[in-house]
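User: I am new to this structure and would like to learn how to read its features one at a time. Please give the general idea first and then the case at hand.

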Amino acid sequence: MLREVKDMSDKTEQVVKNALIIGGTLAVTYLLVSQVRSSKKKKAKVKAKGVQNSEPDFEPSPAYSPPSFLSQLGDRLVNQATLMLLDIAKDKLSEYLSNRKQKHEDS
């Protein structure tokens with residue numbers, strides 16, 4: 001019975017560590033993406049405030065403006081970096097799990 005409790009606590013510990021690693025990776029990725037996107041929004045706001053005139057603007061603004069080449073390139077780079085980070089996290093996680101499994105089988 002004591003061995004079963006120990007096995008259960010080991011499994012619980014492993015699940016919690018895995019959840020923390022995955023959650024940390026997702027949190028870092030989210031922060032990186034949000035920082036990149038917020039800097040773009042701030043630049044757009046600053047440009048918009050600097051361009052505003054005291055006269056009303058009666059020209060209709062386009063509802064959709066296609067993203068520039070640089071913004072598309074930036075988005076692709078962010079996506080690739082996210083995929084690379086998740087792939088590294090997956091590899092490290094599988095390595096960690098295999099090491100834990102070997103240690104558990106040896107004891």
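User: Is Asp87 buried, partly exposed or exposed, and why?

Analyst: A residue is called buried under 20% relative accessible area, exposed over 50%, and partly exposed in between (1.4 Å probe, protein chains only). Asp87 counts as partly exposed because its relative accessibility is 38%. Please note that this is a predicted model, in which local features need pLDDT of at least 70, side-chain atom pairs count only at pLDDT 80 or more, and totals for chains, interfaces and linings use all residues. Residues are numbered from 1 along each chain as its sequence is written, and side-chain values use heavy atoms, with hydrogens and water left out.

User: How many helices and strands does the chain have?

Analyst: Helices (H or I, at least four residues) and strands (E, at least two) are DSSP runs, numbered from the N terminus. Here the chain has two helices and zero strands. Helix H1 covers residues 2-51, and helix H2 covers residues 69-106.

User: What span should H2 have, and how far apart are its end C-alpha atoms?

Analyst: The expected span of a helix is 1.5 Å times one less than its number of residues. H2 has 38 residues and should therefore span 56 Å; its end C-alpha atoms lie 55 Å apart, which agrees.

User: With which residue does Asp87 form a salt bridge?

Analyst: Side chains of opposite charge can pair when their charged atoms come close. A salt bridge is a side-chain nitrogen of Lys or Arg within 4 Å of a carboxyl oxygen of Asp or Glu. Asp87 meets Lys90 in such a bridge, at 3.6 Å from N to O. Both residues belong to helix H2 and stand three residues apart, about one turn of the helix.

User: How many salt bridges are there by this rule?

Analyst: The count comes to three. An α-helix has 3.6 residues a turn, so residues three or four places apart point the same way. In helix H1, Asp10 pairs with Lys6, four residues away, or about one turn; their closest N and O atoms are 3.5 Å apart. Asp10 is buried, because its relative accessible area is 19%. Glu13 and Lys17 also form a salt bridge, at 3.1 Å from N to O. Because Glu13 and Lys17 are four residues apart in H1, about one helical turn separates them. Glu13 is partly exposed at 35% relative accessibility, and Lys17 is partly exposed with a relative accessible area of 32%.

User: Which residues are buried in H2?

Analyst: They are Ser71, Thr82, Ala89 and Leu93. Thr82 counts as buried because its relative accessibility is 18%. Across the chain of 107 residues, buried residues make up 7%.

User: Which residues is Thr82 in contact with, leaving aside its neighbours within four places in sequence?

Analyst: Contact means heavy atoms within 4.5 Å. With those neighbours set aside, Thr82 is in contact with Thr29 and Val33. Leu85, also in helix H2, touches Thr25, Thr29 and Leu32 when residues up to four places away in sequence are not counted. Leu85 and Thr29 are 56 residues apart in sequence, while their C-alpha atoms are 7.9 Å apart in space. Leu85 is partly exposed, with a relative accessible area of 35%.

User: Where is Asn18, and what does Asn18 touch?

Analyst: Asn18 is placed in helix H1. Not counting residues up to four places away in sequence, Asn18 touches Leu93, Tyr96 and Leu97. Asn18 counts as buried because its relative accessibility is 14%.

User: Which residues form a nonpolar patch on the surface?

Analyst: Patches are made of residues with over 30% relative accessible area and no salt bridge: like charges are joined within 9 Å, and nonpolar side chains (Val, Leu, Ile, Met, Phe, Trp, Tyr) within 5 Å. Accessible areas come from the Shrake-Rupley method with a 1.4 Å probe; for residues, only the protein chains shown count as cover. Phe69, Leu70, Leu73 and Leu77 make up the patch, with about 470 Å² of accessible area together. Leu73, in helix H2, is partly exposed at 38% relative accessibility. The chain exposes about 9,800 Å², of which carbon and sulfur atoms supply 63%.
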